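Please keep the sequence and the model in view while reading.

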Amino acid sequence: MEDESALIKQTTETGWSSSRSLCPRCYGLFSTTSSLEGFLSDEGIAYTWIESWGSKFTSICVLCQFVLRAMSLSRKRCNPRLKAVLSAASQTIESFRNLDGEFSLIPDPEYPVNALQIRDLEVLSETMLVPGFCQLHLLAVPDYQSIFLSIPSLQTQMDSPWIMQETRLRIKTCQEEHPLCPGSTMPILPRRVIDVGGKDGTSLKLYAPKQNERANYATLSYCWGTKPQFITTLDLMADLLRDMSKCNLSQTHLDAIRVTRGLGIRYLWIDALCIIQDSPADMMVDMPNMGNIYKNSTVTIAASEAQSAHSGFLGTLEYPTTVPLPFLLPDGSKETVWLSYYVAKHPTESHLDTRGWTLQETLLSPRRITFGYSEVLWQCQTKNMQPVCQGAQTYNPKFMDRLPSTIYGIAAPPDKHARAPWGIWRVFVQDYSARKFTVVEDRWNGMADIIGELSKVWTDDEYVAGFWKSFMLESLAWHHSNLNIYREPTWMLPRQKLTNAPSWSWLSLPSRVQMLEFIPKDLEIVDCSVMPLVETAPHGALKEAVLILRGKAITLTELKRLPVGALSSFEPYFDSQVPLELEAWDSLPSKASIHGEWPDRIVFLRAGRTVSMRSLGIILEQLEDDTGRFRRTGFWSFRFTGNFELRGSVEQEFPDVRSAWQDAMTREWKII
């Protein structure tokens, strides 16, 4: 076995070093034919030598420590296994012949040639709670591309040929093999696209396709920012159709052009360049069609961390902790590789994830390649978010990262784990409601394409003011996502609200919203009618909106008659700042004390209870115009009690709570 210090010296000369050592067993993982064959087997290699270390974690090598941490995710202690994950590139003995038909190296006939495809090692256990959660990744020495191993360099540019090749392969595999993704049929091009001129980049111009002309095209999802950028205008159109290579394009746009060329795609769509920005007529045609443009694209390029069009997004990939070790080649020589190891993590929120308009670009795109600060990520309808370069990170899937594949005309196979429409919409609302809009009124329009696509799938349903009628009743118990720390969003002007939004809709609240799952109790919808402000925009701002509920409510006087123990568990929260005449609790702007001086016009309408028997409802305030109408002003619930024998049910512990609403008269409540 080679001397480890010599290997570290060799890799240090390239500008990289490791301060950590491996035990002899870990250091020789890839040094013998038998170990390579073991990794390639169905069972993998049992990591048995870890038992000899006992509980002396401080003296074992970094790789053993990592495997031990991985085993903490198992339901019981057992020996872990290491199993190879192969790259798509293939190697055979014939791969080593030169142009004259002679072998460029003399391969060992015992050598398992598939070992040259090893890119990752997965830590497995029969009792592991999250399979695939821990992986080891092979990386090449920086500035050195291995001629045998199909692994990326430890230092890789985001637009490197290796990344582009991997992405092209993923697109091809997605189109040909993924059951939930659109196939390889070329889409119809948008009215205008950028002709990037192919890989050679010899030309760059705006292109107006013929009617129904088909070709693959990419789209760009990015943040404009506040600084002026180069845009297409009426007076520039003729010149841009001839040549735009000498234009002062923004860096994010230039980076997108480089990526499109690297992917071997001829056309690119960018809103600032493909829509005439000073032509209202042109914008009226293309803006309502943007959802289809992203939905029909071959792939969407997402500049997730670019703060503006001038920021650019192509950087250098970064990797977690790495250690060097030798890899046996077919001729008996050994090549230095680096092993990167880590535990999977949840995706972090990027700058792009905070912007309102970009959510529908994300959800409608069938495939997405995301360029972050330090890695390039792939996602499609079939595959969850994962790095293009497997040495970067592994991600646990987000709870919602796609819409039903039926929006692409694909009949999804039966899946007992598939979310129901109510679950899809609930998660969408939580994400969308927290996003920022430069113009607050755009909250109406920023989800119009999503609503349009879901309407085609949910054909028996009807959208109304942020809800779908088939599960509207179950959606009415919405509230701030964090009731204890609610504050008006910093990105909005003080007290700025979405106009023409009814008080009963979550759209009226400029904050992240959650829809609480509950079982309706003594509550039903009698009628819900809305009138759009503009007839041609049925999903936009509303001129009038009325919701009539039939249910039971009690007044503040009746509420105060409840036992002291029950009142201490009662928590009212307002959708906005607590009215000035009420006493605030703990200086929290949305939480009020039940003992304050409340107006008589406040009532507490019961909506139902959670599965854990926690009662909840909404707070209504009667208008002073003598019309008998109400507006929603908040949300209330009973928090869990400390009586675990009663499973935290306030109604079980205090029967008066149940009877307070049961004895109330059922009536209709007209809410605007």
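## Two salt bridges at Arg 601

In this predicted model, Glu 624 and Arg 601 bring their side chains together in a salt bridge, with 3.4 Å from N to O. The two partners belong to distant parts of the chain, since Glu 624 sits in the loop between β24 and β25 (629–638), whereas Arg 601 sits in the loop between β22 and β23, 23 residues apart. Glu 624 counts as exposed, because its relative accessibility is 66% and the cut-off for that class is over 50%.

Arg 601 also forms a salt bridge with Glu 621, and here the closest N and O atoms are 2.6 Å apart. Glu 621 lies in strand β24 (residues 615–622) and Arg 601 in the loop between β22 (570–574) and β23 (602–609), so this pair ties together parts that are 20 residues apart in sequence. Glu 621 counts as buried at 10% relative accessibility, while Arg 601 counts as partly exposed at 26%.

The structure holds 18 salt bridges, and one of them joins the side chains of Arg 191 and Asp 286 at 3.1 Å, N to O. Arg 191 is in the loop between α5 (161–177) and β5 (193–195), and Asp 286 is in helix α9 (residues 280–286), so the pair ties together parts that are 95 residues apart in sequence.

## The largest pocket

The largest pocket has a volume of about 1,400 Å³, and 41 residues line it. Those lying nearest its centre are Met 287, Met 290, Trp 357, Asp 442 and Asn 445.

Which elements each supply at least two residues of this lining? They are α9, α10 (290–296), α11 (358–364), α13 (442–445) and α14 (448–457). By residue class, the lining of the largest pocket divides into 21 nonpolar, 13 polar and seven charged residues.

When the whole structure is searched, two cavities of 30 Å³ or more are found, and the second largest cavity holds about 30 Å³ of space. Its lining consists of Met 290, Gly 291, Tyr 294, Trp 357, Gln 360, Glu 361 and Asp 449. The elements giving two or more residues to this lining are α10 and α11, and α10 gives the most, with three residues.

The residues that line the second largest cavity divide into three nonpolar, two polar and two charged. Met 290 and Trp 357 line this cavity, and Met 290 and Trp 357 are also among the residues nearest the centre of the largest pocket.

Notes
Residues numbered from 1 in each chain as written. Predicted model: local features only at pLDDT ≥ 70, side-chain atom pairs only at ≥ 80, totals over all residues. Heavy atoms only, no water. Salt bridge = Lys/Arg side-chain N within 4 Å of Asp/Glu carboxyl O. Helix = DSSP H or I, 4+ residues; strand = E, 2+ residues; numbered from the N terminus. Buried < 20%, exposed > 50% of the residue type's maximum accessible area, 1.4 Å probe, protein only. 1 Å grid on protein atoms, 1.4 Å probe; cavity = no way out; pocket = protein on both sides within 12 Å on 5 of 7 lines; lining within 4 Å. Points joined across faces, edges and corners; volume = space filled by probe spheres on them. Nonpolar A, V, L, I, M, F, W, Y, C, P; charged D, E, K, R; others polar.
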